[in-house]
Amino acid sequence: MSIMEALQEQLEQEKENCKDCEDQEHSEMCNSCGIGGIISNIEMEISETDKEREPKVKKKPELLIFRVDEYSWYVAHDLMEFLNWYHKNIDSIDDPDELTELEMFDPEDGTMWNDRNITQEDVDRLGDCDDITGGGVGDLMRRDGEIYKRQTFADVLGEEDIKEPYEIASTEW
């Protein structure tokens, strides 16, 4: 499923969940759920009043990973939350073609280097080596005196729930 198809599916699902949307065209913003127009113009901005309002649709606690380019990975609850946050905080999305390389996947399906969850067994295994790599989860490396371990995004996140999306990994050291 493409990103645009997933976005359309999520928009349809949220419209079904919002009672005030039943009689509205979603070319304009719905005052209750805040969705609308996101497919035709991805420039959806949420006002401070909208943020303070009690949401009518309960968000799922599951998290997703979004890869925008070859340098950065972000974590968010869903595609719309990510796109709104990215548009507001990182870069405006003026043209849907800018999303052609956007990848969305489960935190279990991707890995990153991280200095969390390092055990004494990992330290002993690395010893004086600079790296022990085999191309997968559990690989170890030492960089600038710190030890890093290749872990799934899910292992790094643990039981954490997030308040807003953020960059979880980057190729920039």
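The structure holds two salt bridges, a salt bridge being a side-chain nitrogen of Lys or Arg within 4 Å of a carboxyl oxygen of Asp or Glu. This is a predicted model, in which local features need pLDDT of at least 70 and side-chain atom pairs count only at pLDDT 80 or more, while totals for chains, interfaces and linings use all residues. Residues are numbered from 1 along each chain as its sequence is written, and side-chain values use heavy atoms, with hydrogens and water left out.

Select E103 and R67 to begin. These two residues form a salt bridge whose closest N and O atoms are 3.3 Å apart. E103 lies in strand 3 and R67 in strand 1 (residues 64–67), so the pair ties together parts that are 36 residues apart in sequence; helices (H or I, at least four residues) and strands (E, at least two) are DSSP runs, numbered from the N terminus. E103 is partly exposed, with a relative accessible area of 37%, and R67 is partly exposed at 23%, where buried means under 20% relative accessible area, exposed over 50%, and partly exposed in between (1.4 Å probe, protein chains only).

Next, select D122 and K149, which form a salt bridge with their closest N and O atoms 2.9 Å apart. Because D122 lies in helix 4 (residues 120–126) and K149 in strand 7 (residues 146–152), the pair ties together parts that are 27 residues apart in sequence. D122 counts as buried at 6% relative accessibility, and K149 counts as buried at 17%.

Move on to D139, in the loop between strand 5 (131–132) and strand 6 (140–143). D139 is buried yet has no salt bridge, and the nearest side chain of opposite charge, R125, is 5.2 Å away. The side chain of D139 does, however, reach the backbone nitrogen of G134 at 3.0 Å, a polar contact being a pair of N or O atoms within 3.5 Å, of which, within protein, one must be able to donate a hydrogen and the other to accept it, with residues adjacent in sequence counting only if both atoms are side-chain atoms.

Now colour helix 3 (79–89), which is mostly covered, with nine of its 11 residues buried. Among the buried residues are F82, W85 and Y86. At the start of this helix, a side-chain oxygen of D78 reaches to within 3.2 Å of the backbone nitrogen of M80.

Finish at D97, in the loop between helix 3 and strand 3 (103–105), which counts as exposed at 54% relative accessibility.

Notes. Lys, Arg positive; Asp, Glu negative; His and termini not counted.
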